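Biologist: Hi! Could you load the model and walk me through it?
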Amino acid sequence: MQVFIPTPLRSYTVQSFVEAQGGTLAALLADLDRRFPGIRFRMVDEQQQIRRHIRVFVNGLQVFDLAHGLQPADEVFVVQALSGG
Amino acid sequence: MAGKIKSRTLAKPARKTKRAAPARGRKSANNLVLVSTRKGAWLFHGDAARKNWRADGPHFLGQVINHLVLDPRDGKTLLAAASTGHLGPTMFRSTDLGRSWKEVTKPPAFHKAAAGEKGRTVKHTFWLTPAHANEPGVWYAGTSPQGLFRSEDGGQSWEAFSGLNDDPQYRAWMGTEQDGTPDGPKLHSIIVDPRDPRHLYFAMSSGGVHETTDGGRNWSPLVDGMAVVEGFDAKNLAFHDPHCVRLCPSDPNRLYQQNHCGIYRLDRPSKNWKRIGQTMPKEIGDVGFPMTVHPRDHNVAWVLPMDGQTVWPRTSIKGEPCIYGTRNGGKSWKRLAGGLPKTQAWWTVKRQAMAADGGDPVGLYFGTTSGELWMSRDEGEKWVCMAWHLPEIYAVETAALG
């Protein structure tokens with residue numbers, strides 16, 4: 001499926017939309033990390049929590065759980081919530 | 001006091017390696033000053049006379065660089081501890097002096113907590129220390145919140161070192177996020193004894209100074225003689241706040257420390273820190289963050305006093321920045337402010353942001369919270385500004401390129 005990558009993470013992907021597969025958000029992120037090594041840890045911490053400033057939307061709805069199921073036709077947007085100076 | 005606190009036996013010991021002679025002072029060569037800032041890193045290349053400098057940067061524009069260190073064992077590997085306000089922390093590596101960078105494969109991270117327990121997450125790597133001269137490719141890292149990590153592959157992959165990060169007593173001494181530095185409590189000042197790779201020190205803000213003599217199997221607190229903030233109990237290590245600890249390359253038995261509560265010296269095998277900051281002028285006091293030692297003379301050290309009165313402004317004192325140097329192990333101090341602003345300069349210098357080079361006379365460098373990089377070619381007597389308008393400077397390191 002197509003995954004939208006925000007600008008702070010394009011040092012990994014170059015492209016704004018990239019292809020990755022997975023039946024769950026966790027599997028999708030694992031696949032992304034295989035294709036773009038290192039990208040997952042910038043988004044998900046070692047306690048398996050989505051980091052504070054990372055938002056993930058599936059078909060327009062925000063998802064908080066890495067176990068969230070995904071269908072091949074889903075649209076996944078990873079968005080960066082900017083704050084601070 | 002700390003004598004009552006038993007050593008902690010932790011996980012497996014590190015492999016033993018041969019002892020090496022203490023590192024010698026560097027000969028004059030092309031000089032490198034490595035500057036880490038809140039918005040990226042810069043490398044300043046200087047000639048042998050330290051007169052002409054070329055700025056190379058920004059590297060990692062917009063990323064918080066907490067520490068940038070050149071591996072003195074190969075003279076070419078750079079490690080940069082990076083994060084941004086928005087992404088998880090990571091580390092970058094260069095083997096061509098920053099012409100190209102590659103992200104490491106496994107940056108420091110805590111163990112995943114068991115189900116139902118709250119685990120910790122590394123907010124950033126704060127401190128990098130190359131290990132012993134006889135352990136090529138081995139590095140130590142200190143993180144925020146406090147964690148100790150080791151890499152055996154030149155910084156590519158990192159593992160928790162020695163079981164300390166999950167040790168219940170050490171976790172208690174680390175306190176909570178509330179007890180630490182404003183941008184997170186830190187493990188810092190990781191020091192490797194040049195005579196013995198199994199003899200290590202580190203410090204925690206907060207959490208005290210600690211030592212191992214067996215490669216991390218056992219750790220002992222080393223806080224006797226250190227003061228804590230009035231009203232707190234010095235017996236509780238969580239209240240000890242060493243800001244910066246340095247070992248003298250010319251005498252590895254001697255350590256200097258800038259603490260939240262004063263300037264100290266420790267002469268091993270003694271375990272009792274002697275407060276040497278009380279010989280500072282009363283109106284200056286002995287609060288500060290950095291501590292810098294001479295590469296060849298264990299009686300010479302420099303501090304950068306900071307206003308720690310009332311609400312802790314963390315500025316220069318009275319807006320008049322100055323260095324203080326001692327040439328007799330802290331018996332007396334001399335104000336060194338030639339060339340520095342005489343008035344209305346309210347910056348200060350963070351704990352990693354002052355460094356000495358190996359030249360003769362020694363060159364001193366510091367980077368300010370207002371983004372100025374200052375240097376002295378004569379051990380602090382006279383200062384010149386090398387660069388200004390940089391982002392807030394977090395760390396300054398030096399290296400000599402052959």
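Predicted model: local features only at pLDDT ≥ 70, side-chain atom pairs only at ≥ 80, totals over all residues.

Biologist: How many bridges pair strand 22 of chain B with strand 23 of chain B?
Modeller: Three, in the antiparallel sense, and strand 23 covers residues 323-326. Strands here are DSSP runs of E with at least two residues, helices are runs of H or I with at least four, and both are numbered from the N terminus. Two strands pair if DSSP finds at least two bridges between them.

Biologist: And which residue is the bridge partner of Gly288(B) in strand 22 of chain B?
Modeller: That is Pro305(B). Strand 21 (residues 288-293) of chain B runs antiparallel to strand 22 of chain B, and four bridges join them.

Biologist: Why is strand 22 of chain B largely enclosed by the rest of the structure?
Modeller: Five of the five residues of strand 22 (residues 301-305) are buried, so the strand is largely enclosed. Buried means that 20 or more other C-beta atoms, placed from the backbone, lie within 10 Å of the residue's own; exposed means 12 or fewer, and partly exposed is in between. Ala301(B), Val303(B) and Pro305(B) are buried on one side, Trp302(B) and Leu304(B) on the other.

Biologist: What about strand 14 of chain B, how many of its residues are buried?
Modeller: Six of its six, over residues 200-205. One side has Leu200(B), Phe202(B) and Met204(B), and the other has Tyr201(B), Ala203(B) and Ser205(B). Strand 14 pairs antiparallel over five bridges with strand 13 (residues 186-192) of chain B, where Lys186(B) has Ser205(B) as its bridge partner. Strand 15 (residues 208-212) of chain B also pairs antiparallel with strand 14, over five bridges, and there Leu200(B) stands opposite Thr212(B).

Biologist: Which residue takes a positive phi in the hairpin of strands 14 and 15 of chain B?
Modeller: Gly207(B), near 140 degrees, in a hairpin with two residues between the strands.

Biologist: Switching to cores: how many residues has the largest nonpolar core?
Modeller: It has 104, and those with the most contacts inside it include Leu34(B), Tyr365(B) and Val396(B). Such a core is a set of buried Ala, Val, Leu, Ile, Met, Phe, Trp, Tyr and Cys residues joined through C-beta atoms within 7 Å. Strand 29 (residues 393-401) of chain B gives the most to this core, six residues. A second, separate core of 18 residues includes Leu25(A), Leu28(A), Val44(A) and Ile54(A).

Biologist: Now chain A. What order do the strands take in its open sheet?
Modeller: The five strands are ordered 2-1-5-3-4, with mixed pairing. Strand 2 (17-19) and strand 4 (61-63) of chain A each have a single partner strand, so one side of each is left without a neighbour in the sheet. Strand 3 (residues 54-58) of chain A pairs antiparallel with strand 4 over three bridges, and Phe57(A) stands opposite Gln62(A).

Biologist: Last one: how many residues does the contact take from chain A and from chain B?
Modeller: The contact takes 15 from chain A and 15 from chain B, where contact means C-beta atoms, placed from the backbone, within 7 Å. Helix 3 (residues 39-43) of chain A gives the largest share of chain A's side, three residues.

Conventions
Residues numbered from 1 in each chain as written. Chains lettered and ligands numbered in written order. Contact = placed C-beta atoms within 7 Å.
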